[in-house]
Amino acid sequence: MTQRAKIDTDGPEPHGPEPHGRGSHGPTDPADPTGPATAPTGPANPSGPTGPSDPSGPSDPSGPSGPTGPTGSSGPLIDAGAELDPVHPRRPPRPSGRHSGLTAAEVARHVARGEVNDVPVRSSRSLAEIIRANVFTRFNAIIGVLWVIMFFVAPIQDTLFGFVIIANTGIGIIQEWRAKRTLDGLAVIGEAKPTVRRDGVSAEISTSEIVLGDLIELGPGDKVVVDGEMVEADSIEVDESLLTGEADPVLKRPGDQVMSGSFVVVGGGAFRATKVGRDAYAAQLAEEASRFTLVDSELRNGISTILKYVTWMMIPTALGLIISQLVVQQNDFKNSIARTVGGIVPMIPEGLVLLTSVAFAIGVIRLGRKQCLVQELPAIEGLARVDVVCLDKTGTLTEGGMDVRELRALNGADLTYVRQVLGAIGQSDPRPNASLRAIIDAYRDESGRWPVTKALPFSSVRKYSGAAFGEPAGGSSRWLLGAPDVLLPSDDPALAEIDHLNQQGLRVLLLARTDRAPDAPDAASGASATALVVLEQRLRPDAADTLAYFAQQDVAAKVISGDNAVSVGAVAGKLGLPGAEHTVDARQLPADRAEMAEALDSGAVFGRVTPQQKRDMVGALQSRGHTVAMTGDGVNDVLALKDADIGVSMGSGSEATRAVAQIVLLNNSFSTLPSVVAEGRRVIGNITRVATLFLTKTVYSVLLAILVACFQVEYPFLPRHLTLLSTLTIGIPAFFLALAPNTERARPNFVRRVMRYAIPSGVIAAIATFVTYLLARSHYSGPDALNAETSAATLTLFLVSMWVLAIVARPYTWWRIGLVVSMGAAFLVVLAVPWLQHFFALKLVGTTMPWTAVAIAVVASAALEFCWRWVGRRFTA
């Protein structure tokens, strides 16, 4: 029995986390020498929280307000899987003789001395950082220098590229500022507000208002926000795994240190702040971890790699172009400078970085409107790559609340008496979870006054809770409430009846009477089954549609729960989850990672999963190349959330889960997840798509410069020509395409996938354009020949670039077709309107050469179509 409990966590929640020895609920069991019944009163108790050894508060003449330490310490320690109820959180009980905390005058003195927890809680860059990041870039510096030069050597229309850069930079700053405001607003909504006791009154305040010496109350799932020293400890156990890597929780007693960044697993208490602000252990770490950043992003790293190669390729090419235009040609100096700049500027994919920032920022804004807080920017990219989502049943597929559907007496037990026992157990716990809340709602008026002599908190290690009472009629009794398959031997006939109930998706708890102390290691041994409490879980109305969405998008959903596997499978089956009929008891899963991964790939529903197993399951799926998203709301999910590629927490979840999750669903709606995944796919898929447009331009610009230098001819374009082409074939279309819906799952190898299309496209465009230019040079003569040659080459380059755009815009929708057609129409307007012809120096002369330019563009477009299809078949990744 003990072994079975030790490998089990999560699941049926018979009893909320409860201190082992409670001093405020009546006399202690005589077998317990540590309880209040045998403790001295008043100042004679030196170890009590308000005893003389504690300088923070007056002595308590009426006795201790809480236990001086846990009882039943011989039992197993509560692990990080102690299940909580995030939907109905309850604060720790308020002892009668508790510390009063700082006075208002003391708080004011600390504030005046600057002893305030002033670590900025930021989810995004400051406005100054946003401006610097968007303005002071390497490519902006290059373009800025060229822009200044052009003001002295060319007319205003050849400086348009600089105004475009200014506009783009302004758009980037505005969009990122909007994203910052959205994030900061959501961060305030989702911010953990610790309960601080001042002048004897407990109130929730912002973490930034905590001062040195404040008395901060703790309950299950609460995060320790500053460093401190325990003053009151009611069987409190703290998980420090996020700081030390050690998963086992640590039992805390008065006088023990607690560190910021840890969180409470079970029990309650209060601690005095000894280090605040940047002096706190995890303050700097927390500040850096919560920044809105692009680090560890394959997309960002890929773009940086591309830009690095472009820079190295651009330097020698630009030098060769400068030499050919200024030294060899010996033409008009200003015109040569203008054409040299016209060759250098389009080599820079300046809009790619901007568009990436804007797409991410708009993604944040869109998700913010759905009450979805993105705590780390790479999470949006990760969402696009998710192919497995692990779901906890409680709070995700089902709502937090439950209802008692039926009470079945066993072994001839009197139902009236059973109701009284359940009512007494409910009253014994000030922090009930969802299961016990349902029992309280059903039997709150049944118990009368049953003094509690012993209370054992629920633990996912034991899988049950317990209580001992002094009954009104005299005598005493000891009870256990928990998972039937843990409390009963495997051959008990009642288990068949319980399995039948589990198959209906019902949660079943067993009430058993024991002759041992509830906290005894063998308390369940020989326990007498008294009754079954059948609980009905409320399914989320939107859960079925959400699971159907994941199935349509080829995202495998895995339900991972601590509940009975059959019950979990029944719930999943009601929601239409494929494979729900083949449930797996996690206690039977192999420990080997490879074997576990194979079992996870073939199964969909897993029950009786421990917190450590959740973590191992995430690692096993990742070892198979899966990108894993994990949802959770309790402290038993923290380890798995931390290890998953994307951790998603409910807004009503514990402070600890919200702290480690990259995405927080503030509206607690499971139906938000499809929108989150779709937004990630839209951002990454579209950036990959439009990156091809930008890099095609870079490739053909570099190759044209090389050809011009090799053939010792004038560069065919002025800056105004390529500004017009870039705007119509890249800038405007890329903006719309980047914001369009896109459901394609993002794939790895961003650089390879983009360049395998951009390089052949750029090569074809450059060759076609240069051939047209050479033919035009042989066709035209006279003083205006260069303008005619430029116009013919511009026509070919525009048509080829339009075909690249037409390919990238697939699959076609009405607005995509309209986008391509409107860009073509805009170019025709420039060719047809005289003042626009003059402004852009574009005028087609004659009919032979313009139609030749069109014919060359048609051949090039056919070559483009062939190359794209060949590359698509040849390279599938």
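Q: Which residues does isoleucine 663 touch, not counting residues up to four places away in sequence?
A: Isoleucine 663 touches Cys372, Leu373, Ala379, Leu383, Ile646, Gly647, Val648, Ser649 and Val676, where contact means heavy atoms within 4.5 Å. This is a predicted model, in which local features need pLDDT of at least 70 and side-chain atom pairs count only at pLDDT 80 or more, while totals for chains, interfaces and linings use all residues. Residues are numbered from 1 along each chain as its sequence is written, and side-chain values use heavy atoms, with hydrogens and water left out.

Q: What makes a set of residues a nonpolar core, and which residues have the most contacts inside the largest one?
A: A nonpolar core is a set of buried Ala, Val, Leu, Ile, Met, Phe, Trp, Tyr and Cys residues joined through side-chain atoms within 4.5 Å, and buried means under 20% relative accessible area, against over 50% for exposed and in between for partly exposed, with a 1.4 Å probe and protein chains only. The largest such core has 132 residues, and Leu577, Ile663 and Phe827 have the most contacts inside it. Helix 22 (residues 672-711) gives the most to this core, with 17 residues. Apart from this core lies another, of 25 residues, among them Ala424, Ala438, Ile440 and Trp450. In soluble globular proteins, nonpolar side chains tend to be buried together.

Q: Why is strand 19 described as largely enclosed by the rest of the structure?
A: Five of the five residues of strand 19 (residues 628-632) are buried, so the strand is largely enclosed by the rest of the structure; strands are DSSP runs of E with at least two residues, helices are runs of H or I with at least four, and both are numbered from the N terminus. Val628, Met630 and Gly632 point one way from strand 19, Ala629 and Thr631 point the other way, and all are buried.

Q: How do you know that strand 19 pairs with strand 9 and with strand 20?
A: Two strands pair if DSSP finds at least two bridges between them. Three bridges join strand 9 (residues 388-391) to strand 19, and these strands run parallel, with valine 389 standing opposite alanine 629. Strand 19 and strand 20 (residues 646-650) also pair in the parallel sense, over four bridges, and here glycine 632 stands opposite serine 649.

Q: What makes strand 8 and strand 17 edge strands?
A: The open sheet has eight strands in the order 8-21-20-19-9-16-18-17, with mixed pairing. Strand 8 (372-374) and strand 17 (583-585) are its edge strands, since each pairs on one side only. Within this sheet, strand 16 (residues 556-560) and strand 18 (residues 605-607) pair in the parallel sense over two bridges, and isoleucine 560 has phenylalanine 606 as its bridge partner in strand 18.

Q: Why is the pair of tryptophan 147 and phenylalanine 163 called edge-to-face?
A: Rings of Phe, Tyr and Trp (its six-membered ring) pair if their centres lie within 6.5 Å, and planes under 30 degrees apart count as stacked, over 60 as edge-to-face and the rest as tilted. The centres of these two rings are 5.1 Å apart and their planes stand at 85°, so the pair is edge-to-face. Tryptophan 147 lies in helix 4 (residues 138-153) and phenylalanine 163 in helix 5 (residues 160-190), so the pair ties together parts that are 16 residues apart in sequence. Tryptophan 147 counts as buried at 17% relative accessibility, whereas phenylalanine 163 is partly exposed, with a relative accessible area of 38%.

Q: Why is the pair of tyrosine 417 and tryptophan 479 called tilted?
A: The ring centres of tyrosine 417 and tryptophan 479 are 6.0 Å apart and the planes are at 55°, so the pair is tilted. Tyrosine 417 counts as partly exposed at 21% relative accessibility, whereas tryptophan 479, at 1%, counts as buried.

Q: How do you know whether arginine 339 is buried or exposed?
A: Arginine 339, found in helix 9 (residues 333-344), has a relative accessible area of 2% and is therefore buried. Arginine 339 and proline 719 are 380 residues apart in sequence and 7.0 Å apart in space, C-alpha to C-alpha.
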